[in-house]
Amino acid sequence: MPTLVWSDALSLSMPVMDHTHEEFVELLALVEQADDAALLGRWQALIEHTVAHFGQEDDWMRATGFAPGNCHSTQHAVVLEVMRDSARRGAQGELDWVRRIAAELADWFPNHAQTMDAGLALHLKSVGYDPVTGLLTEPSALPTQAISGCGSNSCHDKAAANDTQAPQRTEAANEPLPVGESLV
């Protein structure tokens, strides 16, 4: 049985975002259930989905007043870096590493979705942004200054303040994580 399964607790009441998140959870489950022969192919499919998933959210943030280096987008970039590094390690035969990072993603995702993504969904609704069409019905509700951190400028920032920050290190050095340290 997968570590993470889709449930109403993960729903953000934003269908396009919920659909993408549900796909992420399903693809992660396929990775967790994969035998060694199928693992890297399923991991690559998860990476490709995650590139599109995070890119979509990053586009929404740029369209609604977030600075390029905001903490949500930064966390996306770091998680993708770890996933890509894991693919390289997996290609070198370190399949257990890929499985370990998949387990870390299953632990990370609910908190990210329920804080940063929930805040983003609230922000999008508050400015009248339609993520399907890209139309903005409340342009006067856009922030006057670019949202750059996880501090106090928006409902996104307030929700994100409770989320874990992006990892302070990557696995580029091919060193195992110390016991007790997690992906994010």
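Leaving aside neighbours within four places in sequence, Glu57 is in contact (heavy atoms within 4.5 Å) with Met17, His21, His72, His76, His112, Asp117 and Leu120. This is a predicted model, in which local features need pLDDT of at least 70 and side-chain atom pairs count only at pLDDT 80 or more, while totals for chains, interfaces and linings use all residues. Residues are numbered from 1 along each chain as its sequence is written, and side-chain values use heavy atoms, with hydrogens and water left out.

Glu57 belongs to helix 2, residues 36-63. Helices are DSSP runs of H or I with at least four residues, and strands are runs of E with at least two, numbered from the N terminus. Glu57 has a relative accessible area of 1% and is buried; buried means under 20%, exposed over 50%, and partly exposed in between, with a 1.4 Å probe and protein chains only. The side chains of Glu57 and His21 are joined by a polar contact of 3.1 Å, that is, a pair of N or O atoms within 3.5 Å; within protein, one must be able to donate a hydrogen and the other to accept it, and residues adjacent in sequence count only if both atoms are side-chain atoms. Met17 lies 40 residues from Glu57 in sequence, with a C-alpha to C-alpha distance of 8.4 Å.

The chain has 5 helices and 0 strands. Of its 184 residues, 46% are buried. Among contacts with a separation of 6 or more, 70% are between residues 24 or more positions apart.

The whole structure holds 4 salt bridges, each a side-chain nitrogen of Lys or Arg within 4 Å of a carboxyl oxygen of Asp or Glu.

| Pair | N to O distance |
|---|---|
| Asp59 and Arg62 | 2.1 Å |
| Asp85 and Arg88 | 3.7 Å |
| Arg89 and Glu94 | 2.8 Å |

Asp59 and Arg62 are 3 residues apart in helix 2, about one turn. Asp59 is partly exposed at 42%, and Arg62 is exposed at 52%. Asp85 and Arg88 are likewise 3 residues apart, in helix 3 (residues 71-91). Asp85 is buried at 6%, whereas Arg88 is partly exposed at 49%. Arg89 is buried at 4%, and Glu94 is partly exposed at 27%.
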